[in-house]
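Me: I am new to this structure. Can you take me through its aromatic rings and one of its pockets?

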Amino acid sequence: MVNNLTLDFVDIDSDQDYDMFMGDFNGYVKIFKNIGGADNPNYIFDTQLEIDLSGYSSPKLIDIDNDNDFDLFVGDMNGQISFYINQGDNEEYDFILNSNSYQNISVGSRSTPEFVDLDNDNDFDLIVGSQYSGLKYYENIGTEYEASYIVNENIYFPQIGFNTYPSFFEENNPNNLLVGVSTGGLYYLSLNSCEIGDLNGDSIVNIIDIIAIVNLIIENIDLTSDVLCVADINNDNVINVIDIIELVNMIILDL
């Protein structure tokens, strides 16, 4: 019995309809071709790729090198991402393994990659779901032809559960994100970058921000996502004396 299926849809053969890539518990990736049409899809099994990962394979296809065909990324049980470059074209794919540990990205276990241009610089940034570590944001500091990823913690992700699976929607509005979790829940997140520790919004983290976070605690202000984003320094969904200590350390280390 096949379970823990993960899906991605792309037009892999340029026939103007969406084909389906399916990952599963065993670590395989299967392709189902759409022999119907864009309005009336009809999927039939086409092939199983020569991919056998550690388990819980999660395929995601994107044109990472801007050569007009889809390349393949697969998250797995080990928390890493395998990268298969498409050496074919937009009508006949030919996936060749490039790396079993793409750019040394790791989220511990059960990685689920999703790509979108979050910072409007014409290249794909990366959000990775995980089993226990929530969502991680990796900013592309490279180009649309050659990606280079670094961890970026300026986007705040609430702790919403285990086995997070991110999926962006609305192509022209990449800040909107749906996240599935293992309990069957589905969360909608609106992503906004913030400057952690800058509570008064003056682009400087200093003693004034310490006073502001103390006032937050004393006045027991309702913790909206925007407040948590800047004031929850240790990312535990609570604002308390530990965040004050972390903020003081931030200021000292920046001196």
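This is a predicted model: local features need pLDDT of at least 70, side-chain atom pairs count only at pLDDT 80 or more; totals for chains, interfaces and linings use all residues.

Me: Are the rings of Phe73 and Phe83 stacked or edge-to-face?
Reply: Two values describe a pair of aromatic rings: the distance of the centres and the angle of the planes. Here the centres are 4.6 Å apart and the planes stand at 15°. Planes under 30 degrees apart count as stacked. So the pair of Phe73 and Phe83 is stacked.

Me: Which strands hold Phe73 and Phe83?
Reply: The two residues are 10 apart in sequence, and their pair ties those parts together. Phe73 is in strand 6, and Phe83 is in strand 7.

Me: Is Phe83 buried or exposed?
Reply: Buried means under 20% relative accessible area. Phe83 has 7% relative accessibility, so the residue counts as buried.

Me: Are the rings of Tyr102 and Tyr149 stacked or edge-to-face?
Reply: Their centres lie 6.1 Å apart, with the planes at 65°. Over 60 degrees counts as edge-to-face. So this pair is edge-to-face.

Me: Which residue lies over the face of Tyr56?
Reply: The distance to the ring centre is 3.6 Å. The residue over the face of Tyr56 is Arg110.

Me: Which class has 10 residues in the lining of the second largest pocket?
Reply: The space in this pocket is about 330 Å³. Its lining has 18 residues, with Lys136 and Glu153 among the closest to the centre. By class, five are polar and three are charged, while the class with 10 is nonpolar.

Conventions
Residues are numbered from 1 along each chain as its sequence is written. Side-chain values use heavy atoms; hydrogens and water are left out. On a 1 Å grid over the protein atoms alone, a cavity is a set of points where a 1.4 Å probe fits but cannot get out, and a pocket is an open set with protein on both sides within 12 Å along at least five of seven lines; lining residues have an atom within 4 Å of a point. Grid points are joined across faces, edges and corners, and a volume is the space filled by probe spheres set on the points. Ala, Val, Leu, Ile, Met, Phe, Trp, Tyr, Cys and Pro count as nonpolar, Asp, Glu, Lys and Arg as charged, and the others, Gly among them, as polar. Rings of Phe, Tyr and Trp (its six-membered ring) pair if their centres lie within 6.5 Å; planes under 30 degrees apart count as stacked, over 60 as edge-to-face and the rest as tilted. Helices (H or I, at least four residues) and strands (E, at least two) are DSSP runs, numbered from the N terminus. Buried means under 20% relative accessible area, exposed over 50%, partly exposed in between (1.4 Å probe, protein chains only). A charge sits over a ring if NZ of Lys or CZ of Arg is within 6 Å of the ring centre and within 35 degrees of the ring normal.
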